[in-house]
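Please look over the model below before reading on.

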Amino acid sequence: MRLEGKVCAITGAASGIGRATALRFAAEGAAVGLLDVDEEGSAETAGMAESAGGKVFVSSCDVTDEASVVASLSGVVERFGKLDVVHANAGIELFAPLTMTGVEEWDEVFAVNVKGVFLTIRAALEHLMDGGGSVIATASIAGLAGAQFQPAYGASKAAVVNLVKNVALDYAASGVRANAIAPGIADTPLLEKVFGARPEGEMREFMEGIHPDGRMAVAEDVANAALWLASDESSHVNGTVLVVDGGLAAGPQFPLEKLLG
Ligand SMILES: NC(=O)c1ccc[n+]([C@@H]2O[C@H](COP(=O)([O-])OP(=O)(O)OC[C@H]3O[C@@H](n4cnc5c(N)ncnc54)[C@H](O)[C@@H]3O)[C@@H](O)[C@H]2O)c1
């Protein structure tokens, strides 16, 4: 088991990538702290992990609220005795060009995606600095280059990438590593929130078709990347961004059949 004996806290664990990560970590022997505002979703994740034999602690947590984050991470440490890995994963999307982005919407995206990651990592470092550990943040390919209709979201994820690199530099001497994962398009409930429904039919075909490898990500693709960054297999990997996008952001794609005739 790749995470035997490790204690991992995951924000956004009630759904999508956070849930898949929690289940993957638990299956690899970790004790997992599930942190999310969605208590019902967290309870479901907990049930799934426990029925597979996982050790689980659930804490209602709003990542935008300092006291809530500090209390939840302390709760994980009280329950399991230490913290080895934090996955600052909770995040929200906003699909709107800049002129259609309200100030409140901008603030909400930055509150969850940037302040939330800052508060989560800062509170976790208090525990991780005792014995070293791994910090993982979920960014996005939208934070590595422009992404149409996502100025607030993309800017927030660019901030996450930079934040992680700073943590990597400042806490390496304490044995802490910090890395980001940049998913492309992952088929999770987040897409429902963006498009009003899970992509089906022509929409799904289009979204699969823009990927060089012909498919969107599933949450487990991202969870597998998180597993590697959480494990000692990546012990010399610090300050990097692991892109999990099937090649979507590797470079521009041209309709060669049209160009070459
Ligand atoms: N799905 C994608 O295509 C995609 C692509 C790139 C990056 N991401 C990022 O991956 C992460 C996970 O997204 P997902 O696709 O699993 O989405 P999701 O909507 O399925 O899950 C997000 C989780 O975050 C939780 N959350 C939201 N606000 C919170 C808050 N204030 N405090 C605590 N928890 C909160 C939600 O309750 C939910 O359980 C996000 O950071 C997202 O930006 C997703």
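Helix 1 and helix 8 cross with right-handed geometry. This is a predicted model. The two helices pack at about 50 degrees, and their axes are 8 Å apart. Helix 8 covers residues 219-230.

Helix 1 also packs against helix 2, residues 39-51. Here the angle is about 20 degrees, with axes 10 Å apart. Because angles under 35 degrees count as roughly parallel, helix 1 and helix 2 fall into that class. The crossing of helix 1 and helix 2 is right-handed.

What is the span of helix 1, first C-alpha to last? It reaches 17 Å with twelve residues, close to the 16 Å expected at 1.5 Å a residue. After helix 1 comes Gly-29, with a positive phi near 95 degrees.

How many of the twelve residues of helix 1 are buried? Eleven are, so the helix is largely enclosed by the rest of the structure. Two arginines, Arg-19 and Arg-24, are among the buried residues. Gly-16, Ile-17, Leu-23 and Phe-25 are also among them. An α-helix has 3.6 residues a turn, so residues three or four places apart point the same way.

Now the ligand. It is surrounded by 30 residues. Gly-12, Gly-16, Gly-91, Thr-188 and Leu-190 are the closest. Gly-16 is also one of the buried residues of helix 1. By type, the shell divides into 14 nonpolar, 13 polar and three charged residues.

| Residue | Other C-beta atoms within 10 Å | State |
|---|---|---|
| Val-76 | 27 | buried |
| Phe-149 | 16 | partly exposed |
| Ser-235 | 11 | exposed |
| Glu-200 | 9 | exposed |

Val-76 lies in helix 3, residues 66-80. With 27 other C-beta atoms within 10 Å, Val-76 is buried, because 20 or more are enough for that state. Val-76 and Ile-185 are 109 residues apart in sequence. Their C-alpha atoms are 31 Å apart in space.

Phe-149 sits in the loop between strand 5 (133-138) and helix 5 (151-171). Its phi is positive, about 70 degrees, although Phe-149 is not a glycine. Most residues other than glycine have a negative phi. Phe-149 is partly exposed.

Ser-235 is in the loop between helix 8 and strand 7 (241-244). Is Ser-235 buried or exposed? It is exposed, because its count of 11 is within the limit of 12 or fewer. Ser-235 and Arg-177 are 58 residues apart in sequence, yet their C-alpha atoms are 7.8 Å apart.

Glu-200 belongs to the loop between helix 6 and helix 7 (201-209). Glu-200 is exposed, with 9 other C-beta atoms within 10 Å. Asp-221 is 21 residues away from Glu-200 along the chain, and 20 Å separates their C-alpha atoms.

Methods:
Residues numbered from 1 in each chain as written. Predicted model: local features only at pLDDT ≥ 70, side-chain atom pairs only at ≥ 80, totals over all residues. Near = placed C-beta within 6 Å. Nonpolar A, V, L, I, M, F, W, Y, C, P; charged D, E, K, R; others polar. Helix = DSSP H or I, 4+ residues; strand = E, 2+ residues; numbered from the N terminus. Expected span 1.5 Å × (residues − 1). Axes fitted to C-alpha atoms, helices over the stretch in contact; angles between N-to-C directions. Left-handed = near helix turned anticlockwise from the far one by under 90°. Parallel < 35°, antiparallel > 145°, perpendicular 65-115°, else oblique.
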